[in-house]
Amino acid sequence: MTEYRSDFLQTMAQRGYLHQATDPQALDARAQQKRGIIAYVGYDCTGPSLHVGHLLSIMMLRRLQQFGHKPIVLMGGGTTKVGDPSGKDETRKLLSTEDIAANMASIKNAFSRFVTFGDGPSDAIMANNADWLDKLQYIDFLRDYGRHFSVNRMLSFDSVKLRLEREQPLSFLEFNYMILQAYDFVELARRCDCNLQMGGSDQWGNIVNGVELGRRVHNLELFGLTCPLLTTAAGHKMGKTASGAVWLNEDMLPTYDYWQYWRNCEDADVGRFLRLFTDLPLDEIARLERLEGAELNEAKKILATEATALCRGREAAEAAAETARKAFEEGSFGGALPVVKVERARLEAGIEAFALVLEAGLAKSGGEARRHIRGNSIKLNDKPVADETQRISAADLGGDGRLRLSFGKKRHVLIEAA
């Protein structure tokens, strides 16, 4: 491991955030200066929430601020209109300006849990690249900036090359994305003295383009730093589960389910996830990852609570942990389980079990719900559901007007009569 003198890069390396960096020695020297780094990460507004797959770069901004440097969260109000081809086999769906604005408003709140915004020297700021991209004069932009990009080199980048090798269409619109991202870096350097862009390793080519564009056009000293693209020990992409994305926004995913995502991680991932996604000291993490057997489950609970506390708040995280304890140790409902409301009239008439399992989100399709039931994986109020067409009715409701459906031991949903 490369030895760094700055506390920031030392910690980034020790915790596993570093993958590649442009001129790491010069960046290390800059990081030793008080508030020497102003860094940004960009997020396109393709949906109403970011997910766990984005969390690594958000934590990088958090670490940056913890050592007295200034983070910039760049919202892609402009670049979302184009669509980043990186890691995609097909063109992204184009969104309307109204959809992009709604997604941006929904996404913004998540960042305030991880970084502190304000007017101070190391306080985070939020920018929107639509502020400059929407005003570009096309011919002027091509002449001033497009001439610095070699098409031959652009074709060599993975985001383009892989799409072409697979004979998947790549629109000219998407082909422009890397130029716009490079221009974002130059514009942030001019507006905010930004000198570092961070992101996932799939963004390396785009980041290097920005570093080089700043040097060629304005003789700026800019830097790039990427984190590894994380997969679980089993090789699965971070942020995805069998039941869908693990969203950061609470209105997209209940806190209890978010807590469970971390609680259910694989044994081999515990230490790595503790280093990346919690603020626990490294010596405490080393102790926790040495645990084995049943004791390792306690480490997973600590991971779940600490990771959830950063994203959803300490009180919500501890409530989710307590709900899990009650559900698994006492068999009680708990107050933080996800709730699905069903019209009382429908429950009075009775709903076939497989249909209610699907409605509760415990399966993606009716066929999958039937298979869960046939495999004895579904329980109603802690009792196995024997038949996929068994009718679940108001008679199964408890005194609080709720019943509980469970898939295995770790996923529970409350059905509430509305």
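What share of the 418 residues in the protein is buried?

1. Buried residues make up 50% of the 418, where buried means under 20% relative accessible area with a 1.4 Å probe, counting protein chains only. Please keep in mind that this is a predicted model, in which local features need pLDDT of at least 70, side-chain atom pairs count only at pLDDT 80 or more, and totals for chains, interfaces and linings use all residues. Numbering runs from 1 along each chain as its sequence is written, and side-chain values use heavy atoms, leaving out hydrogens and water.

2. On to the overall build: there are 19 helices and 15 strands, taken as DSSP runs numbered from the N terminus (helices H or I, at least four residues; strands E, at least two). The radius of gyration is 24 Å, close to the 22 Å that the globule rule gives for 418 residues, so the protein is as compact as a globular protein of that length. That radius is taken over C-alpha atoms, and the rule is 2.2 Å times the number of residues to the power 0.38.

3. Of the contacts with a separation of 6 or more, 73% join residues 24 or more positions apart; a contact means heavy atoms within 4.5 Å.

4. Now a sheet to look for: five strands form an open, mixed one in the order E9-E15-E14-E11-E12, with pairing requiring at least two DSSP bridges between two strands. Strands E9 (339-342) and E12 (383-384) stand at the edges with a single partner strand each, so one side of each is left without a neighbour in the sheet.

5. Within this sheet, E11 (residues 378-380) and E14 (residues 402-407) pair in the antiparallel sense over three bridges. Lys379 has Ser406 of E14 as its bridge partner.
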